[in-house]
Amino acid sequence: QIGSDDVAYSLAIQSDGKIILAGFSDDGSNKNAAMIRLNSNGTLDNTFGTSGKVLTDFITNRADEIKTVKIHALTGNIVVGGTSSLTSTNSQAVIARYTSAGLLDTTFNTTGKLLLDDASGAGTYFNIIEDLAVKSNGKISAVGWINQQGLQWSSNYYGCRVNSNGKLDTTF
């Protein structure tokens, strides 16, 4: 347990049998994206992050959640997708990449995080990444949904592809 409210939405099993659980941890004042790594016997892997745990603020003063976690088979990097919410009707989708040790990978968009366009200039949006796939070349295909409040349509599917350097693939 990290906070007073911890939720795992996704898990990934590394080639060495270690298990990564990803979701969020809410300590009552701040909800952070969260991951823990367990050894194959179920004990906390203290070599991952800080004593086996990784907490990330995707955007400061927002509620951050990881919805999906994947392992890049060739590098061992950990790729996550999720959201960073300001309110229940305003959020921004996020893709982040971590090293196998649980540190944000700064070779990915210089910060380890890619905050996807929230299109908030035209209304209040809720945007979220629900699943992703990592190709052997490091490109990431991500899917989710976007909801603009107050329009006739309520939700649309969302998809994007990201290059291995953390920039959107404009050929997609």
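Arg97 is buried, with a relative accessible area of 9%, where buried denotes under 20% relative accessible area, exposed over 50% and partly exposed the range in between (1.4 Å probe, protein chains only). The structure is a predicted model, in which local features need pLDDT of at least 70 and side-chain atom pairs count only at pLDDT 80 or more, whereas totals for chains, interfaces and linings use all residues. Residues are numbered from 1 along each chain as its sequence is written, and side-chain values use heavy atoms, with hydrogens and water left out.

Arg97 belongs to strand β7 (residues 90-98); strands (E, at least two residues) and helices (H or I, at least four) are DSSP runs numbered from the N terminus. The side chain of Arg97 makes a polar contact of 3.2 Å with that of Thr107 and reaches the backbone oxygen of Ser164 at 2.8 Å. A polar contact is a pair of N or O atoms within 3.5 Å; within protein, one must be able to donate a hydrogen and the other to accept it, and residues adjacent in sequence count only if both atoms are side-chain atoms.

Salt bridges, defined by a side-chain nitrogen of Lys or Arg within 4 Å of a carboxyl oxygen of Asp or Glu, number eight. One of them joins the side chains of Glu65 and Lys31 at 2.7 Å, N to O, and links distant parts of the chain, with Glu65 in strand β5 and Lys31 in strand β3, 34 residues apart; both Glu65 and Lys31 are buried. Another pairs Lys139 with Asp169, the closest N and O atoms being 3.0 Å apart. Because Lys139 lies in the loop between β9 (125-134) and β10 (140-148) and Asp169 in the segment after β11 (156-162), this pair ties together parts that are 30 residues apart in sequence. Asp169 is buried, at 7% relative accessible area, whereas Lys139 is partly exposed at 23%. Asp169 also forms a salt bridge with Arg161, with a closest N to O distance of 2.7 Å, and Arg161 is partly exposed at 21% relative accessibility.
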